[in-house]
Amino acid sequence: MTEQRIVLDAHTSDPVTMGWMQGLPPAPEKRILAAAAGHMRFPTHRHAFSHMREFLPSARVSRGGGAVWELPESPRDDLDSVRFTTLDDGREMSWGDSLAANFTDAILVLHCGQVVYERYFGVTRRDTPHIAFSVTKSFVGTVAEMLVEEGRLDPEAPVGDLLPEMLGSGFADATLRQVMDMTTALDFSEDYTDSASGIGAFSLALGLTPRPAGYTGPTDVYAFLPTIAKAGEHGERFTYRTCNTEVLGWIVARTENKRLDRVLSERIWQPLGMEQDADFLIDSTGMPFAGGGLNPVLRDLARFGEAMRCDGVGHGGAAIPLAAVESIRGGASRTAFAKAGYVYLPDCSYRSQWWTMPGNHGAYAARGIHGQGIYIDPVAEMVIARFGSHPIAASSGNDPVSLPAYRAMAERLMQG
């Protein structure tokens, strides 16, 4: 008899329904173990992404003791009915149905600074920190742009000048701008399905995934980054690689002479009146995971997006210099980006760790694996913040649904 394979959808894989980590103590078959990589595997990651500090060491990004930036609420009951056509197979779908299709854990829509839509699913609640993965990169890139605007970083400076520890690596002759825009040429593959890829080796050094028996490689990020070799000529094409952000985060921390968790606290969290501290995953040296370790609550993700939409102004003041925001949303080389072959992102570019979409209302986005995101549409005066736990890591798993859904939502909101 042929064994029938059960395919879990967003409803049947709901972490509450599946009972992960429930019970005092949880039954052995319901426990999630970091030592077995349960925090990074579907379906158990649907619970773990909202509890990452229980599986991995973390530092705190403090909100300080200031007042919270209150977000006015004006909920609408007509938005679940927004309809669009998917990019892959041309299905017609509603906004409400798209949330399950993309394994959404939480989503919030701001329009003109007001919360018009907000939903939470599974074990994720309004006060739940959730891993943002590569959305973290956009926070780091924004702070780097702030330091450039202040004249404290030169975008044309070689990495070897900024970090002498990297002189023997493939990064040594890359400029800071090439690192910020990911046009470096490196021997590093971002293949999430291959444990032997560059991102797989990085994850082992970081401690994000368990190390196999007999592992003799680097055991922290500082030790891993100098081992990355050069492959080609810098500046010719965009290639998405998390190691760029780790180098950028190191440069930001070295420039500020503060660890990255404290930099984000002082530069972003406190000035923007975030409502909760965030967790920031760290390696064995205490170095925060700049490329994907931030765990904020959803509303704080939205606050950051709203400040970016409003020219850097949030919580009653200018938290991010206008020049830094303009540099980001102005984008970078579309020719360099096109060489990467993103089917669902035509005519786009990548600037300072942000994805820019000039033909789509000038939208720009922070994007993370498994469905994390901040999407900013300046024409529609809309910001969308989302957490997800999609079974497929790469954004190609949810882009065919999320990108047209966001555009359709923008059109509905622009109708009034």
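Start at the second largest pocket, which 21 residues line, with Y240, Y342, W355, A394 and S395 nearest its centre. A pocket here is an open set of points on a 1 Å grid over the protein atoms alone, with protein on both sides within 12 Å along at least five of seven lines, and lining residues have an atom within 4 Å of a point. This one holds about 430 Å³ of space, a volume being the space filled by probe spheres set on points joined across faces, edges and corners.

Keep in mind that this is a predicted model: local features need pLDDT of at least 70, side-chain atom pairs count only at pLDDT 80 or more, and totals for chains, interfaces and linings use all residues. Numbering runs from 1 along each chain as its sequence is written, and side-chain values use heavy atoms, with hydrogens and water left out.

Now for the largest pocket, with about 720 Å³ of space. Its lining counts 33 residues, and M40, Y192, T193, S203 and T209 sit nearest the centre. Helix α7 (residues 198–206) supplies the largest share, five residues; helices are DSSP runs of H or I, at least four residues, and strands are runs of E, at least two, numbered from the N terminus.

How values were computed. On a 1 Å grid over the protein atoms alone, a cavity is a set of points where a 1.4 Å probe fits but cannot get out, and a pocket is an open set with protein on both sides within 12 Å along at least five of seven lines; lining residues have an atom within 4 Å of a point.
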